[in-house]
Amino acid sequence: MEQMRAMVLQECAPIETNPLKLSKIKKHEISRPHEILIKIEACGVCHSQLHGIEGDWKDLGIPPSLPTVPGHEVVGKVVEIGKNVTKFKVGDRAGITPLLEACKKCQYCKEGKEYLCESSTITGESFKGGYTEYISVLEDFATKIPDHMKPEYAAPLFCAGITAYKAVKASEPKIGMKLGIFGIGGVGHMAVQFAQIEGCKVIAFSRNENHLKVAKKLGAVDYIKFSENQDEFLQKIKEKHGLLDAAIVFAPADIVTDSAIKAVKKGGTIVIATIGERPLFIAFEEKTIRGTLIGSTKDMEQVIKTCDEKNLEVISEIFPLEKANEVLKKLKNSQIEARAVLIP
Ligand SMILES: [Zn+2]
Ligand SMILES: [Zn+2]
């Protein structure tokens with residue numbers, strides 16, 4: 001039996017206790033005719049994975065079972081293909097989003113919204129995750145990556161990139177629109193750039209000064225430090241910019257969502273691209289509140305194309321696979337500028 005190195009989560013626990021253990025597990029192989037086997041080049045370290053590992057989302061059924069190999073921003077090289085594979089050949093490069101597989105039969109799958117499928121399998125919530133050396137996947141759920149695209153650039157696009165892209169589209173961007181982005185990290189720093197491509201004026205909000213500087217560097221017209229003192233915070237926005245036309249929330253805190261809704265003008269749109277409680281919503285203000293998740297394989301292809309053509313910046317820091325616990329600790333303590341990437 002061939003084996004591979006993996007960072008395995010046996011029990012959910014605070015990241016300070018190093019819950020991921022370097023282990024040897026059975027190497028994935030092709031088990032169905034439409035599968036490809038990818039030798040992983042890099043896997044991004046997503047904030048939602050940290051919540052899953054620490055057990056914050058147990059009530060939501062995440063992770064659905066243990067043990068798991070986390071990691072859902074996976075890129076690599078195709079090293080083997082099943083006998084019915086047509087989209088890839090050996091030597092191609094491919095990436096996988098958090099959507100590892102969907103049923104292809106339900107109404108969502110038929111509508112091209114397979115990421116909403118109710119019998120989907122999520123990457124990194126079983127032994128099939130990215131914190132390892134190999135992964136197999138059905139060809140329909142993998143996306144091609146150009147040969148010149150570096151692994152540490154491509155990996156973050158597969159969750160952070162697509163989440164940001166979909167959220168910006170959901171805000172119904174227009175040229176000159178005043179768009180507030182709440183939460184500037186792995187996802188937010190991509191959203192700042194996608195929004196500018198659409199001609200929006202981005203105002204960035206974060207609790208973290210370094211993240212705000214990143215947003216400014218990437219072209220945000222202004223940034224304001226987020227404050228729990230809501231009246232003062234909203235007053236500052238109004239004085240500097242007036243109310244926003246639209247807002248996107250990436251920070252998983254109800255106070256942030258609430259402030260974002262209040263910072264948007266009547267009739268404006270608020271996109272919630274994170275987990276959270278039901279926000280207070282006043283119908284007479286005619287605001288639209290919309291949720292977004294990741295996106296389809298088609299959306300993913302569009303993300304790769306846009307990033308490549310428009311030369312978007314992906315800020316990433318590289319670490320060896322074995323350092324997964326340390327990297328997640330840094331992420332928890334806001335010591336990662338935008339995205340960390342593990343290289344096996
Ligand atoms: Zn993610
Ligand atoms: Zn389905």
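Start by selecting Lys-27 and Tyr-134: Lys-27 lies over the face of the tyrosine, 4.2 Å from the ring centre. Keep in mind as you look around that this is a predicted model.

For another charge over a ring, pick Lys-144 and Phe-88. Here the charged end of Lys-144 sits over the ring of Phe-88, at 5.9 Å from its centre.

**Ring against ring**

Now switch to aromatic side chains. There are 5 aromatic pairs in the structure. Select Tyr-165 and Phe-194, and turn the view until you can see both rings. Their centres are 5.5 Å apart with 75° between the planes, an edge-to-face pair. Colour helix H4 and helix H5 (residues 188-197) as well: Tyr-165 belongs to H4 and Phe-194 to H5, so this pair ties together parts that are 29 residues apart in sequence. Are these two residues buried or exposed? Both Tyr-165 and Phe-194 are buried.

Next, go to Phe-182 and Phe-233. The ring centres are 6.3 Å apart and the planes meet at 75°, so this pair is edge-to-face. It links distant parts of the chain, with Phe-182 in strand S10 (residues 178-182) and Phe-233 in helix H7 (residues 230-241), 51 residues apart. Phe-182 has a relative accessible area of 1%, so it is buried. Phe-233, at 2% relative accessibility, counts as buried too.

Ring pairs link Phe-182, Phe-205, Phe-226 and Phe-233 into a cluster.

**Back to helix H4**

Show residues 160-170, which make up helix H4, and find Thr-163 there. Why does Thr-163 count as buried? Its relative accessibility is 10%, and the cut-off for buried is under 20%. To see what surrounds Thr-163, leave aside residues up to four places away in sequence: it touches Val-187, Phe-250, Ala-273, Leu-293 and Ile-294.

**Last stop: a cavity**

How many cavities of 30 Å³ or more does a search of the whole structure find? There is 1, and the volume of this largest cavity is about 60 Å³. To find the spot, select the residues that line it:

- Thr-97 and Leu-99, among the lining residues
- Phe-141 and Thr-143, also part of the lining
- Ile-162, another lining residue
- Gly-295, Ser-296, Thr-297 and Met-300, which complete the lining

Colour the lining by class and you will get 4 nonpolar residues, 5 polar ones and no charged ones.

Technical notes
Residues are numbered from 1 along each chain as its sequence is written. Chains are lettered from A and ligands numbered from 1 in the order in which they are written. This is a predicted model: local features need pLDDT of at least 70, side-chain atom pairs count only at pLDDT 80 or more; totals for chains, interfaces and linings use all residues. Side-chain values use heavy atoms; hydrogens and water are left out. On a 1 Å grid over the protein atoms alone, a cavity is a set of points where a 1.4 Å probe fits but cannot get out, and a pocket is an open set with protein on both sides within 12 Å along at least five of seven lines; lining residues have an atom within 4 Å of a point. Grid points are joined across faces, edges and corners, and a volume is the space filled by probe spheres set on the points. Ala, Val, Leu, Ile, Met, Phe, Trp, Tyr, Cys and Pro count as nonpolar, Asp, Glu, Lys and Arg as charged, and the others, Gly among them, as polar. Helices (H or I, at least four residues) and strands (E, at least two) are DSSP runs, numbered from the N terminus. Buried means under 20% relative accessible area, exposed over 50%, partly exposed in between (1.4 Å probe, protein chains only). Contact means heavy atoms within 4.5 Å. Rings of Phe, Tyr and Trp (its six-membered ring) pair if their centres lie within 6.5 Å; planes under 30 degrees apart count as stacked, over 60 as edge-to-face and the rest as tilted. A charge sits over a ring if NZ of Lys or CZ of Arg is within 6 Å of the ring centre and within 35 degrees of the ring normal.
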